[in-house]
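Trainee: Can we go through this one together? I'd like to start with confidence and then look at contacts.

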Amino acid sequence: MAIPLLSYAPKTQNERVSGYEVAGEEQPKIYDAENLPSGAGMDELIWAAYRQIFSEHQILKRNRQIFLESQLRDGRMTVREFIRGLVLSEPFRQLNFETNSNYRFVEICVQRVLGRDVYSEREKIAWSIVIATKGIQGFIDALVATDEYLDSYGDSIVPYQRRRSLPQRATGETPFNLK
């Protein structure tokens, strides 16, 4: 019998409220497979997925997943399945799982897949238990199947850092991959 995911809550109740945001350069560009203007648009979408999942400093030619890219281009795979494939790829595992603790791996995956920081240590512990009981694949499957992921990105949008604009700051937060 599988252990159910521990409950965890946002740090503050303000994290549940959708923000009033004015469009500007603090707003991320949203890459949606359903609204691609041309063939070059798919290249941009794929590049955006690599930037989000692997982060700028981990993008190398040898880390490309040509098979996954071709499946996405041919329409045999959704963006959500492509993201799942990138996170489960051997290069991602080597660069992020094998070199970090489960807690840090959870933090990296929540930031890159859900587009937000972890709410608390309790959330890290909850997801770490999933890794320990179901393995990495079970963890990633559960992460991309969460209501939060589906509500924010669905099957066609590349994840991005959400809610970078903070009300008391003139500029938004630093992107996760630059911290």
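Trainee: Which helix has the lowest mean pLDDT among the elements of the protein, and which the highest?
Mentor: Helix α1, residues 39-54, has the lowest mean pLDDT, at 88. The highest belongs to helix α3, residues 79-88, at 96. Keep in mind that this is a predicted model.

Trainee: And what is the mean pLDDT of the protein?
Mentor: The mean is 81. Of the residues, 71% reach 70 or more.

Trainee: How many helices and strands are there?
Mentor: There are 7 helices and 0 strands. From the N terminus on, the order of elements reads α-α-α-α-α-α-α.

Trainee: What share of the residues counts as buried?
Mentor: Of the 179 residues, 41% are buried.

Trainee: What about contacts between residues at least 6 apart in sequence: what share joins residues at least 24 apart?
Mentor: That share is 64%.

Trainee: Let's go to α4. Which of its residues are buried?
Mentor: P91, F92 and N96 are the buried ones in α4, which spans residues 90-97. Looking down the axis of α4, these buried residues fall within an arc of 100 degrees, so they line one face of the helix.

Trainee: How do α4 and α5 sit relative to each other?
Mentor: Their axes come within 10 Å and cross at roughly 125 degrees. The two helices, α4 and α5, are therefore oblique to each other.

Trainee: Which residues make that contact?
Mentor: From α4 they are F92, N96 and F97. From α5 they are N102, F105, I108, C109 and R112. F92 is also one of the buried residues of α4.

Trainee: F92 again. How far is F54 from F92, in sequence and in space?
Mentor: F54 and F92 are 38 residues apart in sequence and 6.9 Å apart in space, C-alpha to C-alpha. F54 lies in helix α1.

Trainee: Is F54 buried or exposed?
Mentor: Buried, because its relative accessibility is 1%, and the cut-off for buried is under 20%.

Trainee: New topic. How many salt bridges does the structure hold?
Mentor: It holds 13. As background, side chains of opposite charge can pair when their charged atoms come close.

Trainee: Start with R73. Which residue does R73 form a salt bridge with?
Mentor: R73 pairs with D43, and the closest N and O atoms are 2.7 Å apart. R73 is in helix α2, residues 66-73, and D43 is in helix α1, so the pair links distant parts of the chain, 30 residues apart.

Trainee: Are R73 and D43 buried or partly exposed?
Mentor: R73 counts as partly exposed at 40% relative accessibility. D43 is also partly exposed, at 41%.

Trainee: What about R84 and D141: how far apart are the closest N and O atoms?
Mentor: They are 2.4 Å apart in that salt bridge. R84 lies in helix α3 and D141 in helix α6, residues 121-144, so the pair ties together parts that are 57 residues apart in sequence. R84 is partly exposed at 26% relative accessibility, and D141 is partly exposed at 28%.

Trainee: And E148, where does its partner R116 sit?
Mentor: The side chains of E148 and R116 meet in a salt bridge, 2.6 Å from N to O. R116 is in the loop between α5 and α6, while E148 is in helix α7, residues 147-152. The two are 32 residues apart. E148 counts as partly exposed at 21% relative accessibility, whereas R116 is buried at 9%.

Trainee: Which residues do salt bridges with shared partners join into one network?
Mentor: D43, R64, E69 and R73.

Note on methods: Residues numbered from 1 in each chain as written. Predicted model: local features only at pLDDT ≥ 70, side-chain atom pairs only at ≥ 80, totals over all residues. Heavy atoms only, no water. Buried < 20%, exposed > 50% of the residue type's maximum accessible area, 1.4 Å probe, protein only. Helix = DSSP H or I, 4+ residues; strand = E, 2+ residues; numbered from the N terminus. Arc of directions from axis to C-beta. pLDDT = per-residue confidence, 0-100. Salt bridge = Lys/Arg side-chain N within 4 Å of Asp/Glu carboxyl O. Axes fitted to C-alpha atoms, helices over the stretch in contact; angles between N-to-C directions. Parallel < 35°, antiparallel > 145°, perpendicular 65-115°, else oblique. Contact = heavy atoms within 4.5 Å.
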